[in-house]
Amino acid sequence: GHDWAVTGELDKVIREIEYVAGCGAKVINCSFGRWVTPKQLDVLSRIPLWQELADKGVVLVCAAGNDNIDIDKHPVFPACLPGENVIAVGATDAAGRGGRYFDAAQKKWVTFTNFGENTIDSRAPGTLILVGGQRGKTSLQNGTSYSAAMVSAMMVSK
């Protein structure tokens, strides 16, 4: 759900990011996120790890989320963390518009990507992405998780 307390789940995420950076990663894909209050984001922003990562040149590439919400007003962690080394990624469709999915019940395309004039740093394809699944099966998926993964891959390859 969207109600989220700063819990052990956060500790686990921080430990995992710290571990991956400690292994030498320079780009960490964060295709996950949680709604937080502005006050929670302020508290989370003060965790020393984020500045330590910036000092080491480690970049966090973060999915912006899939709720068609302005994350400038309704922050998502970790995408809304401050810092030049945090890249929040929104989704686009094939025409470069906001990422969307086809709602079969309504028989129309519906925008899903979160947005934020001050928060979104990049946008990448996130509509009808061909994804390899279990046992060699593929499917078409939508989401900013795929967009963030593409930006991460581009950063690693440069």
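How do β1 and β3 pair, and over how many bridges? They pair in the parallel sense, over four bridges. Two strands count as paired when DSSP finds at least two bridges between them. Helices (H or I, at least four residues) and strands (E, at least two) are themselves DSSP runs, numbered from the N terminus.

Before going further, a word on what you are looking at. This is a predicted model, in which local features need pLDDT of at least 70 and side-chain atom pairs count only at pLDDT 80 or more, while totals for chains, interfaces and linings use all residues. Residues are numbered from 1 along each chain as its sequence is written, and side-chain values use heavy atoms, with hydrogens and water left out.

Let us start with the sheet. Four strands make up an open sheet, in the order β1-β3-β5-β8, with parallel pairing. At its edges stand β1 (27–30) and β8 (120–125), each with a single partner strand, so one side of each is left without a neighbour in the sheet. On average, neighbouring strands here are turned by 30 degrees against each other, direction ignored; the axes are lines fitted to C-alpha atoms, for helices over the stretch in contact, and angles run from 0 to 180 degrees between N-to-C directions. As a general point, strands of a sheet pair through backbone hydrogen bonds, either parallel or antiparallel.

Next, β3 and β5 pair in the parallel sense over four bridges, and the bridge partner of V61 in β5 is I87. Finally, strand β5 (residues 86–92) pairs with β8, again in the parallel sense, over five bridges.

T92 lies in strand β5, and its bridge partner in β8 is P125. With a relative accessible area of 9%, T92 is buried; buried means under 20% relative accessible area, exposed over 50%, and partly exposed in between (1.4 Å probe, protein chains only). Leaving aside neighbours within four places in sequence, the contacts of T92 include R97, R123, P125 and T127, where contact means heavy atoms within 4.5 Å.

L60, in strand β3 (residues 59–63), is buried with a relative accessible area of 1%. Beyond its neighbours within four places in sequence, L60 is in contact with I17, I28, C30, W50, L53, N85, V86 and I87.

L60 also leads us to the largest nonpolar core. Such a core is a set of buried Ala, Val, Leu, Ile, Met, Phe, Trp, Tyr and Cys residues joined through side-chain atoms within 4.5 Å. Of its 28 residues, I17, I28, W50, L53, L60, I71 and F77 touch the most other members. The elements that give two or more residues to this core are α1 (8–22), β1, α2 (38–45), α3 (48–55), β3, β4 (76–77) and β5, and α1 gives the most, with five residues. A second, separate core of 10 residues includes V27, A63, A124 and V151. In soluble globular proteins, nonpolar side chains tend to be buried together.

In α3, L49, W50 and L53 are buried. Seen down the axis of α3, its buried residues fall within an arc of 105 degrees, so they line one face of the helix; the arc is that of the directions from the helix axis to the C-beta atoms. On the other side of α3, P48 and D55 are exposed. In α2, the buried residues are Q40, L41 and L44. They cover an arc of only 100 degrees around the axis, which puts them on the same side of α2, while P38 and K39 are exposed on the other side.

One last stop takes us to the aromatic rings. A search of the whole structure finds two aromatic pairs. F102 and W109 form an edge-to-face pair, 5.5 Å centre to centre, with 65 degrees between the planes. Rings of Phe, Tyr and Trp (its six-membered ring) pair if their centres lie within 6.5 Å; planes under 30 degrees apart count as stacked, over 60 as edge-to-face and the rest as tilted. F102 is partly exposed at 42% relative accessibility, and W109 is partly exposed with a relative accessible area of 41%.
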